[in-house]
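Please find below a colleague's note on the structure shown here. The points are numbered and may be read alongside the coordinates.

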Amino acid sequence: MAPPEEGPDVEHGPVVEDGADVLPGVLPAPARDRVVALAADTLGELSPPEVPASLRAFVRFRPERRARRAATPIAAALESDDGFRRRVAARLREGQPDLAAALDQGRAPSAADPAELAAAAYLLRGPDWQAVLAAAAEALAAAERSRARDSAQDEVVRLRAELTSVRTELARVRSEADEAVAAARADVTRLRREVRQLSADLARARSAAEEADRLRSSVEASRVEERRRLEAELRRATGRLEQAQADLEDARRSDRDARSALDVRARLLLDAVLGAARGLERELALPPVGQTPADAVAAEVAGEERAAGGPRPARGLPADDPALLHELLALPRVHLVVDGYNVTKAAYGDLPLADQRGRLVAGLAGLAARTRAEVTCVFDGAAVGGVSGPRARGVRVLFSDPGETADALVLRLVRAEPEGRPVVVASSDREVVDGARRLGSHAVPATALARLLERGTA
């Protein structure tokens, strides 16, 4: 027989064993929840053959999860599987033996919870269990009606209190509104007085403005007349200034002529002195100078080092010697400007451009840390193609803008430095080297920087 459709708070009507009629009433919701919870606990203790087929998928759930997720299948199994219902009833007998004994005798304990009594009657099905179930359902319904009545009374009390509060609030709002209206009327009266005062002030202001316009017109006419007078005076002063400038130029020309004559006399005197000196040199037959004061000092130092077993220093260092670059970087506040690709192509031109830039900047970072020099590395911006350049602590990396070469940017950096600050340019480009030297900076070949970087990483 198909079970009836479920309502929101009811369970399927129980089926009487041995062909009895179906119980006309329904299982109350509280009793149904107790039956399902007890059945969910019992389900976990059954052996696999004892578990109804419809509930096998829920055996591995926790009891509270089975009661929540499998409530409908459990209720259906209790209706259709008498063996499962008896096992659940046996679990109830173990937990509530006194209640089970009373129902077996056909008695319904008056102090028992109606929901527990209905659940036990439904599972045990003792004598007159349908009557016990109906009486428990009626008791639950009466209790629910009593709770609903109490709740309604509480709601009426609450609504009455809320109505009183609303009336009080309404009286307060009305009082405030009356006060606000009175204040608004007072404000309107005050504003009207202010408007009349402002209208009078506006009339006076307009009269004053008209008088000011008349004065402005008079002043403007006076100003035009004064401007004409000053322009005439300026023209006269300009004529006098031009005459003074012409007189000054004549005086300067006369002064240059006098200085030219004095320069000729001084040059003649200097030539006479130089000729006398050359004649004295020939007369005394002086030998040519073979040693300079610096050579004497170098000889003394060499003697001291030979005595100490050290090497003898050279009189000078080749331009591509990294030792020369190292000495230049020891100058105070020195600024090293590097022609980036000129150095990388000389040192490791077989690498891709990005790797060349990264390797050079990493080496310059170490050099900056050792020498504390300011280091700027310049690359041609056209070769980057929008890719961000490498970054390293202590190294400023610049890319030339479109339309500007890296060589021009190097010389612009040198030109920006103040006169007297030591600047070293590392490049083998002749145009860069010549331009840097013309601007008063030191220039070293790219190979010198490459060898110095290799020495620092060795």
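How many bridges join strand 4 to strand 5, and do these strands run parallel or antiparallel? The first point takes up this matter.

1. The model under discussion is a predicted one. In it, strand 4 and strand 5 run parallel and are joined by five bridges. Across this pairing, Thr376 stands opposite Arg396 of strand 5.

2. The two strands belong to an open sheet of five strands, arranged in the order 5-4-3-6-7 with parallel pairing. On average, neighbouring strands are turned by 20 degrees against each other, direction ignored.

3. Helix 10 (residues 340–348) lies across strand 3 (335–339), strand 4 and strand 6 (423–426), and runs at about 65 degrees to strand 3. Helix 11 also packs on the sheet, where it touches strand 3, strand 4 and strand 5. The direction of helix 11 makes about 170 degrees with that of strand 4.

4. Arg372 is found in the loop between helix 11 (353–371) and strand 4 (374–379). Is this residue buried or exposed? Arg372 has a relative accessibility of 78% and therefore counts as exposed, the cut-off being over 50%.

5. Ala408 has its place in helix 12 (residues 406–416). With a relative accessibility of 33%, Ala408 counts as partly exposed. Ala408 and Val432 are 24 residues apart in sequence, and their C-alpha atoms are 8.1 Å apart in space.

6. The largest nonpolar core comprises 36 residues, and those with the most contacts inside it are Leu55, Ile74, Leu78, Phe84 and Leu123. At least two residues each are supplied by helix 1 (29–43), helix 3 (71–80), helix 4 (82–95), helix 5 (97–104), helix 6 (114–124) and helix 7 (129–284). Helix 6 provides the largest share of this core, namely eight residues. Another core, of 28 residues, lies apart from it and includes Val343, Leu367, Val395 and Val444.

7. Leaving aside neighbours within four places in sequence, Leu78 is in contact with Val35, Ala39, Phe84, Arg85, Val88, Tyr122 and Leu123.

8. How are helix 1 and helix 3 placed relative to each other? Their axes lie 10 Å apart and the helices pack at an angle of about 90 degrees; they are therefore roughly perpendicular to each other. Helix 1 contributes Arg32, Val35, Val36, Ala39 and Ala40 to the contact, while helix 3 contributes Ala71, Thr72, Ile74 and Leu78. By residue class, the contact consists of seven nonpolar residues, one polar and one charged.

9. Why can helix 6 be described as largely enclosed by the rest of the structure? Nine of the eleven residues of helix 6 are buried, which is why this description applies. The buried residues are Ala115, Leu117, Ala118, Ala119, Ala120, Ala121, Tyr122, Leu123 and Leu124. Just after helix 6, Arg125 takes a positive phi of about 55 degrees.

Definitions and conventions
Residues are numbered from 1 along each chain as its sequence is written. This is a predicted model: local features need pLDDT of at least 70, side-chain atom pairs count only at pLDDT 80 or more; totals for chains, interfaces and linings use all residues. Side-chain values use heavy atoms; hydrogens and water are left out. Helices (H or I, at least four residues) and strands (E, at least two) are DSSP runs, numbered from the N terminus. Buried means under 20% relative accessible area, exposed over 50%, partly exposed in between (1.4 Å probe, protein chains only). A nonpolar core is a set of buried Ala, Val, Leu, Ile, Met, Phe, Trp, Tyr and Cys residues joined through side-chain atoms within 4.5 Å. Contact means heavy atoms within 4.5 Å. Axes are lines fitted to C-alpha atoms, for helices over the stretch in contact, and angles run from 0 to 180 degrees between N-to-C directions. Angles under 35 degrees count as roughly parallel, over 145 as roughly antiparallel, 65 to 115 as roughly perpendicular and the rest as oblique. Ala, Val, Leu, Ile, Met, Phe, Trp, Tyr, Cys and Pro count as nonpolar, Asp, Glu, Lys and Arg as charged, and the others, Gly among them, as polar. Two strands pair if DSSP finds at least two bridges between them.
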